Amino acid sequence: MNLAVVILAAGMGKRMKSDIPKVLHPVLGRPMLSYLLDAVNNLSPKRVVLVVGHRAQDVKKISDSKKITYVVQTKQLGTGHAANCAKSALKNFKGNILILNGDFPLITSSSLKKFMKDHEKKNADLSILTALIDDPHGYGRIKRDQNGDVIGIVEEKDASREERLINEINSGTYCVKSSFLWNALKKINSRNKQSEYYLTDIVQSAHKDSLKVNGVIVSDSDEVMGVNDRSELSYVQSVLKWRVNESLMRSGVTLIDPETTYISPEVRIGRDTTIYPNTHIYGKSQIGRDCVIGPSTWIEDSKFGNRVTIRSSCRITNATINNNVNIGPFAHLRPEAQIMDGAKIGNFVEIKKSKIGPGSKVSHLSYVGDAMLGKDVNIGAGTITCNYDGFEKHKTVVEDNVFIGSDTMLVAPIKVGKGATTGAGSTISKDVPEGSLAIGRARQIIIKDWKRNPKEKKRK
Ligand code: UD1
Ligand code: CA
C-alpha cells in the first residue's frame, strides 16, 4: 500500500497545565509521542509528516529518524488547519494518507493495519477509527444514519443533549485518499464553539459529496484513549505498564507486584530474573538471567549480566554490571560505573565513572569516582577518592590485590601499586609503591589521668 502518515502534534495541550508540550510528557520514562512513532514505523510508510508547533524544537529532538518530515503550524487554529499544514510536504504524494492525533500512545500497529485493510477492502474515500465507550465525555461523537452509515462527527462542545448521549466516539484516526483530502480541507471553516478548523468536518463534507465514508470500530477501546490531562496520562501509563509487565511475566520474568513495577517497553530482561515491588527500569536497560532486583530500586540505561543481585533502594544510571555481582542495599551507581565479575558494592556506596575490577569489594560507606580498581581489591569502610580539587577531576588508580584500610582519603591524582596496603584513617596523597604499607595520619598520643570534667580537677 502506498502510505503516508500525518501526525498532529502542534497543540500545546492546554488541559495538561504544563510548560512541556503534551506529546513529550513521559509514559514509563519515554515521551508519549515515541510510542505512536513506533506503531507508525511498523506500518512501513513511504512518508511520515509530523506537524509540530508549540515548542517545535523540543518535539523534533525526540525522533532522530531521517524518514520524518517536520512541518510547523505556527498558530494552533485546530486539527483541520494542522492537517492542512502537511499539504506542501505531501503535494506529490498519491495514495492513502493516515492521519493521527499525536496524543494517543496506546494504539497498536496491528489495529492500525486492520483499520487500513478495511479501508482498502471497502474502497472508501475516508475511513475513521471509532470506539464504543461507556463514558464518551470529551470526545467527538460519531453520527450515523438509519442505515448505520457515518454522516458526520460532532464535537462535545458543539453537541446537542441527544448527541452527547451517543457513545461511539472519534479516535482522531483517519485514513483518506490523497485525492480527497486536500480538496475537503479547502471547504472547512471555523464556525463552531471553539472557532477552530476541525479536521472532523471532512467527514460531513465527504458524506454530502456522496463519497464512501467508512466507520471502523476498534476492538479494544483502550487503544484509542486520548491524553488531554494528567489523569488520562496516568490511566494510559497504567495500561501500558500492564502490557509490558504481562509480556515480561509470560517470557519468564517474576514480578512480585506488577502493580508497582514500572518497566519501559524497550527494556530487555532475561528469564528467571525476579523483580521486587516499587522498582523502575527505564531507557535502554538490559538485565540478564537469574538476577534479583529491588525492592524500591531505580535503574536507567544500564546493562547487567547474569546472576546480579541488587538489594533494596539502589539507584543505577548508565552503569554496566557484569555477572555474579552483588549491589546494595542503598547503593548509588552513577554514569560510567563499571562493575566487573564477582565484585561487590555494599550499602551507602557511591560509584561514578569508575571501573571496579573482578572480585573487588567496596562494601560500606564509600565514594569512588574517576577511579580504576584492579582485581581483588578491598576498599575499607568510609574510603573516599578525593577526585575534585575545585577545578578539575583527577584519577585514582588502585592496582590488583590492594588493601585500602577503613577511612582512607585517596587524594587524586594517585596510584596505589599492586598488593599495597594503606593504614586505616590515612590521607594518602603520594603514590604508594607495589607491596608497601602507607600510613598517613597523626601518631596517637596518650595523656594520662585525663579528667573530662574541669570541676573534678579543682576539687582534687
Ligand atoms: C480531537 C477530535 C475529537 C476526537 C479526539 C480524540 C477534532 C476537532 N476533534 O479532539 O473528535 O474525539 O481528538 O482524541 O479534531 N493539534 C494540532 N494543532 C491544532 C490543534 C490540535 O496539531 O491546532 C493536535 C494536538 O497536538 C493533538 C491533536 O491534534 O495531538 C488533537 O488535538 P486535541 O486538542 O487534543 O483534540 P481533542 O479535543 O482531543
Ligand atoms: Ca486529544
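Guide: Let us begin with the classes used for lining residues: Ala, Val, Leu, Ile, Met, Phe, Trp, Tyr, Cys and Pro count as nonpolar, Asp, Glu, Lys and Arg as charged, and the others, Gly among them, as polar. In this predicted model, the lining of the largest pocket divides into 18 polar, 13 nonpolar and ten charged residues.

Visitor: How much space lies in the largest pocket, and which residues lie nearest its centre?

Guide: Rolling a probe the size of a water molecule over the atoms shows where empty space is left. Here the largest pocket holds about 1,300 Å³ of space, and of the 41 residues that line it, Arg15, Lys22, Thr79, Asp103 and Asn228 lie nearest the centre. At least two lining residues come from each of strand E1 (3–9), helix H3 (79–84) and strand E10 (168–177), and E10 gives the most, with four.

Visitor: What can be said of the second largest pocket and its lining?

Guide: The second largest pocket has about 370 Å³ of space, and among its 20 lining residues Tyr35, Leu240, Arg243, Val244 and Pro265 are the closest to its centre. Helix H1 (32–41), helix H8 (230–250) and strand E14 (268–269) each give two or more residues to that lining, with H8 giving the most, at five residues.

Visitor: Which domains supply the lining of the second largest pocket, and how do its residues divide by class?

Guide: Domain 1 (3–224) and domain 2 (230–438) each supply at least three residues of this lining, whose residues divide into eleven nonpolar, five polar and four charged.

Conventions:
Residues are numbered from 1 along each chain as its sequence is written. Chains are lettered from A and ligands numbered from 1 in the order in which they are written. This is a predicted model: local features need pLDDT of at least 70, side-chain atom pairs count only at pLDDT 80 or more; totals for chains, interfaces and linings use all residues. Side-chain values use heavy atoms; hydrogens and water are left out. On a 1 Å grid over the protein atoms alone, a cavity is a set of points where a 1.4 Å probe fits but cannot get out, and a pocket is an open set with protein on both sides within 12 Å along at least five of seven lines; lining residues have an atom within 4 Å of a point. Grid points are joined across faces, edges and corners, and a volume is the space filled by probe spheres set on the points. Domain bounds come from an automatic or database domain assignment.
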